[in-house]
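Good morning, and thank you for joining.

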Amino acid sequence: MLKKFGAVVLTAGAIAFAAGAANAQTPKRGGNLTFAISAETPHYDCHGSETYATLHFSAPFYSTLLQFDLAKFPQVKGDLAQSWTVAPDLMTYTFKLHPGVKFHDGTPLTSADVKATYDRMRNPPEKVVSPRKATFGDIASIETPDANTVIFKMKAVNAAMIEHFASPWNCIYAAKDLASDPNFPRTKVNGTGPFTFVEHVKGSHVSGKKNPDYFKKGLPYLDGFKGVFTLQAAAMLNAVQGGQVLGEFRGISPAERDRLVAAMGDKIRIEEQSWTLNLLVAFNTEKKPFDDVRVRKALLMAIDRWGGSKGLSRISTLREVGGVIRPGSPLATPPAELEKLPGYQRDMAKARAEAKKLLADAGVPNLKFVLWNRNLAMPYTPAGIFLVDQWRQIGVEVEHKQSDTAPYLAALNSGNYEVAVDFSNLFMDDSTLALAKYLSRDRSPQNLSRSTDRELDKLYDDHVRERDPKKRVALIRAFEKRVFEQAYQQPILWWHRIVPTHKVLMGWKMSPSHNLGADLAEVWLNQ
Amino acid sequence: MTLALETPAVIRQPRGPVIEFCRQQPLGAVSFFIICAMMFAGIFSEWVAPYDPLSIDFASILAAPSWEHWCGTDAYGRDICSRLIFGSRTALVIGFTSSFVGSSLGAILGIASAYFGGRVDNIIQRIMDILLAFPLIVLALVVVAALRKFVLGGVDVNLIFAIAIPIIPRVARVVRAAALSVRVMPYVDAARAAGYSNTRIIFRHMAPNVVAPYLIMLTAFIAQAILAEASLSFLGLGVTEPTAAWGLMLSGNAADFYREAPWMIIFPGAAISLAVFAFNLFGDSLRDFLDPRFKV
């Protein structure tokens with residue numbers, strides 16, 4: 001009897017506990033989220049940007065066709081698309097849009113808006129920059145049989161096309177806005193996202209309020225948000241610690257994590273994951289002497305990535321040594337193979353001796369240049385300091401020039417630099433995305449080295465069409481070998497993501513990319 | 001009645017100004033010694049510093065002070081002592097140049113303002129009033145943000161101007177006051193009567209007579225300029241990594257690691273304090289030594 005009673009009590013307790021836990025996880029409505037953005041976007045246009053600063057600013061105002069399901073990453077789910085079908089030959093993609101979606105200005109969303117958006121990305125008008133032009137170059141035509149149906153017909157197979165439709169950069173714009181001014185989205189906001197634009201105070205913050213007509217019923221949970229620009233890491237940490245902001249969704253360094261944990265104890269939540277992001281060295285191949293492969297190769301060979309990884313991972317978000325694909329992901333080149341490629345040798349004395357010889361052969365034994373870098377403490381400054389040190393060891397004198405995001409991007413995009421710390425900001429591990437940065441400049445505006453290499457372009461195209469996984473991997477390896485032997489640009493190290501959030505902040509999901517999950521639709525405050 | 005013979009007065013042998021300064025101003029002498037040590041370290045950094053200040057050593061990250069690294073190492077394993085020694089060069093070059101440029105321009109404007117008087121004086125002084133309305137660091141921040149960087153010979157010329165501009169009105173005001181009393185001296189009237197040009201009168205006859213306040217302001221503002229450079233570097237607007245600079249050593253990684261490696265902030269902080277203290281004290285002592293009103 002007693003046993004039975006005990007069992008009943010335990011069962012009742014378990015049910016009560018479970019109910020309580022479930023209740024604790026039930027999203028609460030209302031409240032305003034204030035979070036930190038550690039860089040200020042130079043403009044509002046998702047299509048023309050490669051920095052998270054634009055997405056953390058703009059994503060809450062926009063929708064995309066599909067989006068990554070962060071709970072089941074890398075699976076995708078619908079956003080504006082209610083449903084979709086893919087033809088067995090991968091040559092046709094048909095999307096059915098949610099009915100009754102409205103832009104923030106009240107204009108109904110139709111398939112024409114989706115078509116105008118994708119046309120802008122794959123075939124940008126004059127004076128419009130589209131870094132993802134190469135990715136969508138395989139689209140032959142876009143058809144809009146009715147207001148809620150969009151059909152993409154492909155020129156050639158792209159095995160990762162469905163993931164590309166989920167790219168967070170593909171914000172859907174209104175066709176009428178683009179018709180009035182192709183650069184409308186750079187300076188104005190009109191989306192279909194969970195929040196409507198309130199204000200952007202330069203140097204201070206961006207804010208938005210709940211979109212009452214959001215097409216996903218019941219969302220967003222928040223009444224509004226405010227993204228505060230905290231360019232100084234110390235200011236950001238103080239704001240998180242003091243509760244002025246409830247999180248920073250890009251990532252912090254190990255030391256910053258330790259400081260927050262020591263100061264805040266169980267009030268702070270720390271999530272960690274490897275990152276689909278790397279810093280790379282880019283040489284402007286249109287400027288002398290960086291048009292000479294010997295000079296570029298010498299500079300890459302002087303970098304001790306393996307040693308740097310051990311040291312820099314203690315003080316920065318830089319961690320893994322990798323090739324063009326994220327280390328540890330299925331298509332990544334294993335370390336044993338990487339070591340055979342220029343720039344990845346373990347015998348640094350030998351590599352540096354060879355590098356000095358290459359510089360002497362190229363006629364620049366006392367090379368001097370300016371290294372352009374972004375004025376972001378983490379991890380751009382450690383990377384810059386590291387590179388300057390590495391190049392000094394082969395007698396190269398470097399002036400380290402750090403500037404804010406806007407002038408830095410302007411210099412890199414206009415080719416007004418010699419050598420730069422660039423970044424490859426991916427949102428998934430697919431090779432078509434990772435390799436696109438290294439294509440010839442006329443195919444990929446992301447290629448800041450401004451190189452033209454038709455052999456690389458061919459290898460890329462062949463790998464995109466290849467359905468045999470083994471042959472595909474072989475083509476990726478051949479592509480990577482060619483990139484590093486020509487030394488146009490090369491990853492320095494891959495990042496490790498550490499995200500701090502207050503425990504009252506709920507519904508935000510960690511992923512390997514800081515570009516994902518920035519729309520804040522499902523975020524809520526447990527207070 | 002006999003007259004007592006008076007003991008003949010001891011006639012002091014004239015001593016050199018340096019010895020006289022040390023005798024009259026012992027604290028000033030100490031500060032002068034510190035300044036000389038700084039200058040020596042700055043000029044001969046390559047020979048004095050035990051390590052290359054830019055050389056990364058990941059095996060020695062955040063090493064505590066020891067015989068090997070007297071002031072410890074930073075987050076990159078760089079020797080802090082070597083970076084302090086090289087940092088004194090940055091501090092002195094920017095501090096001295098900014099102060100010299102600012103004080104010299106201020107002195108010229110101050111003398112011209114006093115000499116011409118009237119409308120010229122009014123215009124110059126109102127402009128000075130506007131500049132004086134801003135604290136030194138705030139004005140330097142505005143100027144450095146507006147001018148961006150212009151590196152010449154490894155030195156950011158615009159940073160020097162950013163620090164020099166706020167110094168100008170402060171020196172101009174003091175020098176003008178001194179020049180006003182010089183202007184009414186007979187020799188200035190005589191020079192004017194002799195038909196000398198205004199430029200000649202200002203530079204040959206008035207400027208040498210306001211050298212004392214000029215020198216005092218110059219030395220005093222070196223300290224302020226060093227502090228401004230350190231502050232701007234701390235705020236990310238001065239020199240950039242990996243240049244060895246005291247203010248820069250206090251920012252960046254130092255903010256992350258000061259709990260586990262307090263030497264990363266103690267030594268650069270002490271260097272800044274010592275340099276500022278030395279230049280301020282030396283300026284005060286120089287004023288006391290040169291100004292006859294302070295001689296009893």
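How many Å separate the centres of domain 1 of chain A and domain 2 of chain A, taken over C-alpha atoms? The separation of these two centres is 25 Å.

Before going further, a word on conventions. Residues are numbered from 1 along each chain as its sequence is written, while chains are lettered from A and ligands numbered from 1 in the order in which they are written. The model is a predicted one, in which local features need pLDDT of at least 70 and side-chain atom pairs count only at pLDDT 80 or more, whereas totals for chains, interfaces and linings use all residues.

Let me return to the domains. Chain A is divided into domain 1 (37–187), domain 2 (196–211 + 218–273 + 497–525) and domain 3 (276–496); such bounds come from an automatic or database domain assignment. Between domain 1 and domain 2 of chain A, the contact takes 17 residues from domain 1 and 24 residues from domain 2. Two residues are in contact here if their C-beta atoms, placed from the backbone, lie within 7 Å. On the domain 1 side, helix α2 (residues 52–58) of chain A supplies the largest share, 4 residues. Helices are DSSP runs of H or I with at least four residues, strands are runs of E with at least two, and both are numbered from the N terminus. By class, that side of domain 1 has 13 nonpolar, 3 polar and 1 charged residues. For these classes, Ala, Val, Leu, Ile, Met, Phe, Trp, Tyr, Cys and Pro count as nonpolar, Asp, Glu, Lys and Arg as charged, and the others, Gly among them, as polar.

I turn to helix packing in chain A. Two packed helices are described by the angle between their axes and the distance between the axes. Helix α7 (residues 233–242) of chain A packs against helix α8 (residues 254–264) of chain A at an angle of about 25°, and their axes are 10 Å apart. The axes are lines fitted to C-alpha atoms, for helices over the stretch in contact, and angles run from 0 to 180 degrees between N-to-C directions. α7(A) and α8(A) are therefore roughly parallel to each other. In this scheme, angles under 35 degrees count as roughly parallel, over 145 as roughly antiparallel, 65 to 115 as roughly perpendicular and the rest as oblique. The crossing of α7(A) past α8(A) is right-handed; a crossing is right-handed if the near helix is turned clockwise from the far one by less than a right angle, and left-handed if anticlockwise. From α7(A), the contact uses A:Ala233, A:Leu237, A:Val240 and A:Gln241, and from α8(A) it uses A:Glu256, A:Arg259, A:Leu260, A:Ala263 and A:Met264. These residues divide into 6 nonpolar, 1 polar and 2 charged.

Chain B comes next. Chain B has 13 helices and 2 strands, and its C-alpha trace spans about 85 × 65 × 30 Å along the principal axes. Of its 296 residues, 47% count as buried, that is, with 20 or more other C-beta atoms within 10 Å of their own; 12 or fewer is exposed, in between is partly exposed, and C-beta atoms are placed from the backbone.

Within chain B, helix α2 (residues 26–43) and helix α13 (residues 263–290) pack at an angle of about 135°, with axes 8 Å apart. That makes α2(B) oblique to α13(B), and the crossing is left-handed. Among the residues that meet are B:Phe32 and B:Met38 in α2(B), and B:Phe279 and B:Phe282 in α13(B). This contact has 12 nonpolar, 3 polar and no charged residues.

What of the contact between the chains? Chain B contributes 17 residues and chain A contributes 23 residues. Helix α12 (residues 253–257) of chain B gives the most to the chain B side, with 4 residues. That side divides into 10 nonpolar, 5 polar and 2 charged residues.

Finally, the backbone. The peptide bond from A:Lys288 to A:Pro289 is cis, with omega near 0°, and A:Pro289 lies in the loop between β11 (268–283) and α9 (293–301) of chain A. In chain B, the peptide bond from B:Glu241 to B:Pro242 is also cis, with omega near 5°.
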